[in-house]
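User: I would like to learn how to read individual features in a structural model. Please take me through them one at a time.

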Amino acid sequence: ALRAAAKHGMRGLANLCRARAASNPPCLDSIRFRGVVGSGEDLEQLFQLTRNPLTSTPAIQAIGALGLPSSIPQLMQLLGEPTLNDAAALAIERITGFSVPRGDVPEPPANATEDELDFWAPPAIAIAEPAQEWWQENKSNFADGKRYQAGICVSDDPLGIHFDDLPYEVRCDVYLRERATQGNRIPDWELETWPW
């Protein structure tokens, strides 16, 4: 419903997502979608939502979708938290295009059953130190106040020549943001048919 509303240029969609994210219980899809239609003003509340186990992953996904370089230092800190490690690494990768180095796969719990072991496939642990070093060397390539997706600036010309270089899911989010904010001034593309 949120994607359809964005595609049809529904007014006030960002405020609706903010209200539903603050409701009790919070709407996890609305939290995630704040990354598509939100702004830098949403960062503080999204980082607050990372402290709640229920809302932490959708909030980190929204931070990645927002694509603001100012969020990278806090995302680097979240790499140090075992339950948020993978989500933070994916958000950093989504913004910068840098693949955060990974270490070992965590060991399964000692009391895991054979059925649980059959499906034990957690992501490898993201290593914070190389990611922090990379950021220190490359942060000057990311202008404050601009939005980045996969290392590409999507603020100046979001649907321009670099649009096709974005991963498919990211491309859809960038397009939906433009439709949500500019409505019918943006052509109605059927992006889901493009990969076919």
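User: Let us begin with the surface. Which residues make a nonpolar surface patch?

Analyst: This is a predicted model. In it, V105, L117 and W120 make a nonpolar surface patch of about 260 Å². W120 sits in the loop between α8 and α9. Its relative accessible area is 35%, so W120 counts as partly exposed, because that class lies between the buried limit of under 20% and the exposed limit of over 50%.

User: Which residues gather in a patch of negative charge on the surface?

Analyst: That patch brings together E114, D115, E116 and D118. D118 belongs to helix α8, which covers residues 114-118. With 61% relative accessibility, D118 is classed as exposed.

User: Next, salt bridges. What is the general idea, and how many does a search of the whole structure find?

Analyst: In general, side chains of opposite charge can pair when their charged atoms come close. Here the search of the whole structure finds 7 salt bridges. One of them joins D173 to R3, where the closest N and O atoms are 3.7 Å apart. D173 is in helix α10 (residues 168-182) and R3 in helix α1 (residues 2-7), so this pair ties together parts that are 170 residues apart in sequence.

User: Which residue forms a salt bridge with K146, and where do the two partners lie?

Analyst: The partner is D156, and the closest N and O atoms of the pair are 2.5 Å apart. The pair links distant parts of the chain, 10 residues apart: D156 is in the loop between β2 and α10, and K146 is in the loop between α9 (128-138) and β1. D156 is exposed, at 57% relative accessibility, whereas K146 is partly exposed, with a relative accessible area of 27%.

User: How should I read the surroundings of R34, and with which residue does R34 form a salt bridge?

Analyst: R34 pairs with D42, the closest N and O atoms being 2.7 Å apart. Both R34 and D42 are buried. For R34, the relative accessible area is 2%, and its place is in helix α3 (residues 28-37). Apart from neighbours within four places in sequence, R34 has contacts with C17, R18, A21, D42, Q45, L46, L49 and L66.

User: What is the phi of A150, and where is the place of A150?

Analyst: The phi of A150 is near 55°, which is positive in a residue other than glycine. A150 is found in the loop between β1 (148-149) and β2 (152-153). At 29% relative accessibility, A150 is partly exposed.

Terms used:
Residues are numbered from 1 along each chain as its sequence is written. This is a predicted model: local features need pLDDT of at least 70, side-chain atom pairs count only at pLDDT 80 or more; totals for chains, interfaces and linings use all residues. Side-chain values use heavy atoms; hydrogens and water are left out. Patches are made of residues with over 30% relative accessible area and no salt bridge: like charges are joined within 9 Å, nonpolar side chains (Val, Leu, Ile, Met, Phe, Trp, Tyr) within 5 Å. Accessible areas come from the Shrake-Rupley method with a 1.4 Å probe; for residues, only the protein chains shown count as cover. A salt bridge is a side-chain nitrogen of Lys or Arg within 4 Å of a carboxyl oxygen of Asp or Glu. Lys and Arg count as positive and Asp and Glu as negative; His and the chain ends are not counted. The place of a charge is taken as NZ of Lys, CZ of Arg, CG of Asp or CD of Glu. Helices (H or I, at least four residues) and strands (E, at least two) are DSSP runs, numbered from the N terminus. Buried means under 20% relative accessible area, exposed over 50%, partly exposed in between (1.4 Å probe, protein chains only). Contact means heavy atoms within 4.5 Å.
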